[in-house]
Amino acid sequence: MIALKKWFKKTKETTGGNGLYASLEELIAMRRYVPYLRSVNQLKTFSKQAGDIKSAFKGRGMELEEIRSYTFGDDVRDIDWRVTARKDTPYTKLYAEEKDREIYVWLDLSAPMRFGTRRELKSVAAAKLAALLGWMALENKDRFGCVIFDGAESLVFKPNNSRAQLMAVLKKIAEMSQAVLEDKKNLRPQYVRSFQQLERTVKNQATVFILSDFNGFDDALQRQLASLAKKTRLYLFDIFDVLEEVAPRAGEYLAEYGGKRLVFDSGAKVYRQDYQNYFAEKRQKLKNFCRRFGCQLSEIRTDTEFAKKIKI
């Protein structure tokens with residue numbers, strides 16, 4: 001135990017949390033992925049189940065600003081063919097960008113998120129993704145707000161478009177990401193109450209990202225998220241560990257739950273099938289919800305380099 005405490009103290013002094021928590025340096029470093037996202041994302045939906053919904057971050061707006069001569073690099077899809085035919089030279093349309101939009105991130109740091117078998121805990125992956133969304137919002141001049149949920153209480157940062165605000169959010173995420181590891185209470189997360197608070201806070205047509213493993217995706221939570229989806233543009237990020245998707249290798253394992261210990265054999269065919277079905281059913285339930293209420297769903301596995309691959 002003494003050795004473990006010394007090791008944990010040593011990790012706190014380093015720039016990274018070794019996958020156990022998200023350090024401030026790691027969250028700040030997520031800014032480096034913004035250029036990748038701006039270049040590879042075509043600002044389209046990232047889920048086939050999502051329906052035809054606008055991207056979270058703006059590209060061109062819908063309001064026509066002016067028509068001018070076509071120059072190299074302009075999008076050929078914006079060429080005004082009527083004016084081009086009349087002038088006998090290419091002309092293109094310019095659209096005014098949407099500005100000052102409200103972006104919210106709901107970050108889940110509750111007990112079920114403090115789990116991971118490879119690379120990092122689910123809570124760490126979620127914290128990094130929250131930071132990346134914050135940097136994207138700042139880059140796009142959108143107002144960024146955040147709700148940090150630890151399972152019992154919700155800390156709310158109202159939207160603001162400033163680097164100082166974003167740094168304050170990242171600092172608090174880093175502090176809470178580390179603090180929750182020492183919380184030995186395994187209370188059932190109060191998801192519904194937190195989302196009710198979020199719904200009262202956000203404005204109509206705001207963009208909301210939910211970063212969670214949706215461990216408690218029951219009927220009550222679905223109703224609350226459905227209510228939120230009617231008011232906002234809702235994006236769900238399902239964060240999971242590979243061990244939740246794929247059963248462990250065949251063998252006997254010792255597990256503890258609710259103070260009780262048991263030994264189970266993962267080699268049984270019926271066990272492996274039930275194990276995979278449990279995860280598949282949760283995933284399908286999320287997809288059905290997104291299809292029904294016009295949300296967008298993306299899946300993040302903690303042992304993958306997600307920052308360069310996601311589309312937002």
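**A walk from the sheet to its helices**

Let's start with two strands: S3 (residues 102-108) and S6 (residues 207-212) pair in the parallel sense over 5 bridges. Here, two strands pair if DSSP finds at least two bridges between them, and helices (H or I, at least four residues) and strands (E, at least two) are DSSP runs, numbered from the N terminus. Within this pair, tyrosine 104 stands opposite valine 208 of S6. The model is a predicted one, where local features need pLDDT of at least 70, side-chain atom pairs count only at pLDDT 80 or more, and totals for chains, interfaces and linings use all residues. Residues are numbered from 1 along each chain as its sequence is written, and side-chain values use heavy atoms, leaving out hydrogens and water.

Now step back to the whole sheet. S3 and S6 belong to an open, mixed sheet of 6 strands in the order S5-S4-S3-S6-S7-S10. Its edges are S5 (154-160) and S10 (296-301), each pairing on one side only. From one strand to the next, the twist averages 15°.

Next come the helices. H10 (residues 269-293) lies across S7 (233-240) and S10, running at about 170° to S7. Axes are lines fitted to C-alpha atoms, for helices over the stretch in contact (heavy atoms within 4.5 Å), and angles run from 0 to 180 degrees between N-to-C directions.

Finally, H5 (residues 122-139) and H6 (residues 163-179) pack at about 180°, with axes 11 Å apart. The two helices are therefore roughly antiparallel (over 145 degrees). Their contact includes Trp135 of H5 and Met167 of H6.

How values were computed:
Parallel < 35°, antiparallel > 145°, perpendicular 65-115°, else oblique.
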